[in-house]
Amino acid sequence: MMLKGEKAVVCGAGGFIGGHLVQSLLANGVDVVRAVDIKPLDEWYQVSKEVENLSLDLKDKDNCLRAAENVNVVFQLAADMGGMGFIENNKALCMLSVLTNTHMLMAARDMGVERFFYSSSACVYNADKQTNPDVVALKEEDAYPALPEDGYGWEKLFSERMCRHFEEDYGLQTRVARYHNVYGPLGTWTGGREKAPAAICRKVIEAKQSGSNQIEIWGDGKQTRSFMYIDDCTMGTLMIAESDIREPLNLGSDELVTINQLVDIVEDIAGVRLKRNYKLDAPRGVNGRNSDNTKILRDLNWEPSIRLREGLAKTYAWIEQETLATRTLVGAAK
């Protein structure tokens, strides 16, 4: 199903990935007729004037029916989530996203939607396969037997199964991507929900601006991750949504780094070297996680390719502008 010219709704459009996805879909000829998010419009990261923008709580089924009205394609990205600090301390809140996913699937079925894209997460993977920083890249089948991230990961895995069964039982075509650590500009960079790349950029910027020359790192810095730049994420999302692949697919970079190496790169971008203070009792997640891209390469002849240093340079520059703008506003208010 080629999506060019198709009518689509993006759920979670006020968030980081959702805001970028609306722009990417429009640029690729998809008729995004509606963008929906629970947040008030003035709190959205991006607002596209070309589409109908609605502030709706999609945990409510009637709102889901409104969102799915007169569209052919649903992109379901709406969820209560954040970085590791947030999901480890808000397990019940994360699991309540099951209401959004359930009601959006029901609404899509009832409104005659043809295709439903669901954004899952690498947090669905079995924790026993992520105990070593020198992790073997995770294949899609490594989600079972199930032992996902408590709370957030369980909800994502359950919703993947719902997508599968809605296709089997009701004929709603569903496509699922497992996002691996997406980062980039126009996203959360402070407040507790930010992920590691944004948090490290902010901390380096603050240390440089204040002259403290110190940075706090959660964990021992040896845990490993791969990080995917937002442009790769939106491109991969469109390709998976258009594909005939019915099983969940990894959507992530396979460029594995330690958190210490992530800090190294940001320090190089900033032109500083900082004293590192390790907070060993802070939330840190699994010891190692990386994306095995064998299937996406085989099935789509594509994989995320934007290098971490390139993406971080753009992210750092944007967060630096945001911090300066914030300081200017605070100064003007005094």
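Which residues of strand E4 are buried on one side, and which on the other? Select residues 73-76 to find out: Val-73 and Phe-75 lie on one face, Val-74 and Gln-76 on the other, and all are buried. Buried here means under 20% relative accessible area, with exposed over 50% and partly exposed in between (1.4 Å probe, protein chains only).

Before going on, note that this is a predicted model, in which local features need pLDDT of at least 70, side-chain atom pairs count only at pLDDT 80 or more, and totals for chains, interfaces and linings use all residues. Residues are numbered from 1 along each chain as its sequence is written, and side-chain values use heavy atoms, with hydrogens and water left out.

**The neighbours of E4**

Strands (E, at least two residues) and helices (H or I, at least four) are DSSP runs, numbered from the N terminus; two strands pair if DSSP finds at least two bridges between them. Val-10 has Phe-75 of E4 as its bridge partner. In E5, Phe-117 stands opposite Phe-75.

**The cavity**

Next, select Ala-13, Gly-19, Val-22, Ala-35, Trp-44, Gln-46, Val-47, Ser-48 and Asn-53, which line the largest cavity. A cavity is a set of points on a 1 Å grid over the protein atoms alone where a 1.4 Å probe fits but cannot get out; a pocket is an open set with protein on both sides within 12 Å along at least five of seven lines; lining residues have an atom within 4 Å of a point. The space inside the largest cavity is about 30 Å³. Its lining has five nonpolar, four polar and no charged residues. Asp, Glu, Lys and Arg count as charged; Ala, Val, Leu, Ile, Met, Phe, Trp, Tyr, Cys and Pro as nonpolar; the others, Gly among them, as polar.

**The second largest pocket**

Select Arg-161, Arg-164, Arg-246, Glu-247 and Pro-248, which lie nearest the centre of this pocket among its 17 lining residues. Helix H6 (152-170) and strand E6 (173-179) are the elements that each give two or more residues to the lining, and H6 gives the most, with six. The pocket holds about 290 Å³ of space. By class, 12 of the lining residues are charged, four nonpolar and one polar.

**Helix H9**

Finish at residues 259-270, where Ile-259, Leu-262 and Val-266 are among the buried residues of H9. Just after H9, Gly-271 takes a positive phi of about 75°.

Note on methods. Points joined across faces, edges and corners; volume = space filled by probe spheres on them.
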